[in-house]
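Subject: Structure handover

Hello,

Here is the structure you will be working with. Please open it first, then read my notes below.

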Amino acid sequence: LIEFVVAILAIFASVMLNQTAFSTSSSSHEAHTHALIWNSVLVLVIITTALATIVIGRHWIQQKDNELRHQAGLI
């Protein structure tokens, strides 16, 4: 669910960055380059955030599972 929300926000941010870049740049080539750079950075941030969410989630689930097993006397 978190990755889905992040993806939706990323798409929204990408569209806004493209509109801003094309409206403020003096040349079309410059606007395209600027938008491409910002979109690349945005994609890297999204991928990093998604991977971090997955890793942290797995760690948290394992920790909770171990606590419950310990409380149940299985460990």
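Helices (H or I, at least four residues) and strands (E, at least two) are DSSP runs, numbered from the N terminus. This is a predicted model, in which local features need pLDDT of at least 70, side-chain atom pairs count only at pLDDT 80 or more, and totals for chains, interfaces and linings use all residues. Residues are numbered from 1 along each chain as its sequence is written, and side-chain values use heavy atoms, with hydrogens and water left out.

**Overall layout**

The protein chain has two helices and zero strands. Of its 75 residues, 11% are buried. Buried means under 20% relative accessible area, exposed means over 50%, and partly exposed lies in between (1.4 Å probe, protein chains only). The chain exposes about 6,200 Å². Carbon and sulfur atoms supply 72% of that area. Accessible areas come from the Shrake-Rupley method with a 1.4 Å probe; for residues, only the protein chains shown count as cover.

**Helix H1**

Phe12 sits in helix H1 (residues 2-24). Is Phe12 buried or exposed? Phe12 is exposed, because its relative accessible area is 55%. Phe12 also belongs to a nonpolar surface patch, along with Phe4, Val5, Ile8, Leu9, Ile11, Val15 and Met16. Together these residues have about 790 Å² of accessible area. Patches are made of residues with over 30% relative accessible area and no salt bridge; like charges are joined within 9 Å, and nonpolar side chains (Val, Leu, Ile, Met, Phe, Trp, Tyr) within 5 Å.

Ala10 is in helix H1 too. Its relative accessible area is 10%, so Ala10 is buried. Which residues does Ala10 touch, leaving aside its neighbours within four places in sequence? Ala10 is in contact (heavy atoms within 4.5 Å) with Leu42 and Ile46. The C-alpha atoms of Ala10 and Asn39 are 9.1 Å apart, although 29 residues separate them along the chain.

**Salt bridges**

Side chains of opposite charge can pair when their charged atoms come close. A salt bridge is a side-chain nitrogen of Lys or Arg within 4 Å of a carboxyl oxygen of Asp or Glu. The whole structure holds two salt bridges.

- Glu67 pairs with Lys64, with the closest N and O atoms 3.7 Å apart. Both lie in helix H2 (residues 28-71), three residues apart, about one turn of the helix.
- Arg69 pairs with Asp65 at 3.0 Å, N to O. These two are four residues apart in helix H2, so about one helical turn separates them. Arg69 is partly exposed at 40% relative accessibility, and Asp65 is partly exposed at 35%.

Best wishes
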